[in-house]
Amino acid sequence: MRALIMVDLQVDFMPGGALAVPNGNEVIPVANKLQPYFDLVLASQDWHPFNHTCFAVNHPGKSPGDVIEMHGTQQILWPVHCVESTLGSRFTSNLNRDKVMKVFHKGTDSKVDSYSAFFDNAHLRDTGLGKYLRKQGVSEIYLMGLATDYCIQYSALDAVDLGFSVCVVSDGCRPINRNAEDESAAYRKMESAGVHISTSDEVIRAIKRSGIRRAAAQAG
Ligand code: VGL
Ligand code: ZN
């Protein structure tokens with residue numbers, strides 16, 4: 001079974017938002033177009049308490065973009081964004097949510113950041129997404145959303161580690177690109193880990209084709 005996972009399509013990641021991803025709004029029509037082709041549609045939301053350690057304001061003297069050492073990893077300090085239950089944490093209003101079966105929250109622990117929709121950055125806390133997908137009988141997951149160089153990349157790599165077949169829908173993703181090469185580095189890393197990269201049109205064509213094959217097989 002195939003699942004579509006729509007990653008962090010939230011107000012704060014849209015143009016004008018607190019942590020705007022350039023052209024992030026352009027992926028919403030792609031999300032809406034893809035949904036009808038999937039048996040299971042899920043979504044993640046970045047969901048931070050206001051006192052989260054990933055916010056620069058919670059570190060006196062630090063500014064967004066600074067990097068500090070935390071739990072043995074490099075933590076980028078961000079502007080305050082996606083604070084749980086605030087306007088900025090909501091799904092952007094033009095996203096179709098009719099088919100969303102379940103929403104997974106990430107970054108909920110104030111002490112550790114979480115880019116992946118599966119595990120936090122220290123790999124201590126599990127969002128439950130992996131177990132849920134297995135229970136539903138999902139073997140192939142399709143990821144789209146924001147941002148390519150953070151949540152998409154980390155989620156795709158974790159999903160491969162968990163044994164799923166993973167496809168990232170490239171026209172459904174946009175990067176933050178703190179450094180100009182972050183997006184291409186993310187794609188290189190994902191591809192070398194075995195992640196498939198396809199456009200939404202390629203994905204839809206392949207799903208239609210497999211539907212025809214299945215129907216033919218059933219007809220004998
Ligand atoms: C993300 C930066 C900060 C993401 C979340 O989900 O890509 N990026 N928080
Ligand atoms: Zn965040």
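Me: At what angle do the axes of helix H3 and helix H4 cross, and is the pair roughly parallel or roughly antiparallel?

Reply: The model is a predicted one. In it, the axes of H3 (residues 148-161) and H4 (residues 182-192) come within 10 Å and cross at roughly 5 degrees. Because angles under 35 degrees count as roughly parallel, the description of H3 relative to H4 is roughly parallel.

Me: Which residues of H4 make the contact with H3, and how many residues of each class does the contact have?

Reply: On the H3 side, the contact is made by Thr148, Asp149, Tyr150, Ile152, Gln153, Ala156 and Leu157. The H4 side consists of Asp182, Glu183, Ala186, Tyr187, Lys189 and Met190. By class, the contact has seven nonpolar, two polar and four charged residues.

Me: Which side chains have an N or O atom at a stated distance from ligand 1, and what share of the ligand's accessible area does the protein cover?

Reply: The residues surrounding ligand 1 include Phe13, Trp78, Lys106 and Tyr150. An oxygen atom of the ligand is 2.6 Å from a side-chain N or O atom of Asp8. A nitrogen atom of ligand 1 lies 3.1 Å from a polar side-chain atom of Asp46, and for the side chain of His81 the distance to a ligand nitrogen is 3.1 Å. Of the 260 Å² of accessible area that ligand 1 has on its own, the protein covers 100%.

Me: Which kind of peptide bond joins Leu146 and Ala147, and what is omega there?

Reply: Ala147 is in the loop between strand S6 (140-146) and H3, and both Leu146 and Ala147 are among the residues surrounding ligand 1. Most peptide bonds are trans. The bond joining Leu146 and Ala147 is cis, with omega about -10 degrees.

How values were computed: Residues are numbered from 1 along each chain as its sequence is written. Chains are lettered from A and ligands numbered from 1 in the order in which they are written. This is a predicted model: local features need pLDDT of at least 70, side-chain atom pairs count only at pLDDT 80 or more; totals for chains, interfaces and linings use all residues. Side-chain values use heavy atoms; hydrogens and water are left out. Axes are lines fitted to C-alpha atoms, for helices over the stretch in contact, and angles run from 0 to 180 degrees between N-to-C directions. Helices (H or I, at least four residues) and strands (E, at least two) are DSSP runs, numbered from the N terminus. Angles under 35 degrees count as roughly parallel, over 145 as roughly antiparallel, 65 to 115 as roughly perpendicular and the rest as oblique. Contact means heavy atoms within 4.5 Å. Ala, Val, Leu, Ile, Met, Phe, Trp, Tyr, Cys and Pro count as nonpolar, Asp, Glu, Lys and Arg as charged, and the others, Gly among them, as polar. A residue is near a molecule or strand if one of its heavy atoms lies within 4 Å of it. A polar contact is a pair of N or O atoms within 3.5 Å; within protein, one must be able to donate a hydrogen and the other to accept it, and residues adjacent in sequence count only if both atoms are side-chain atoms. Accessible areas come from the Shrake-Rupley method with a 1.4 Å probe; for residues, only the protein chains shown count as cover.
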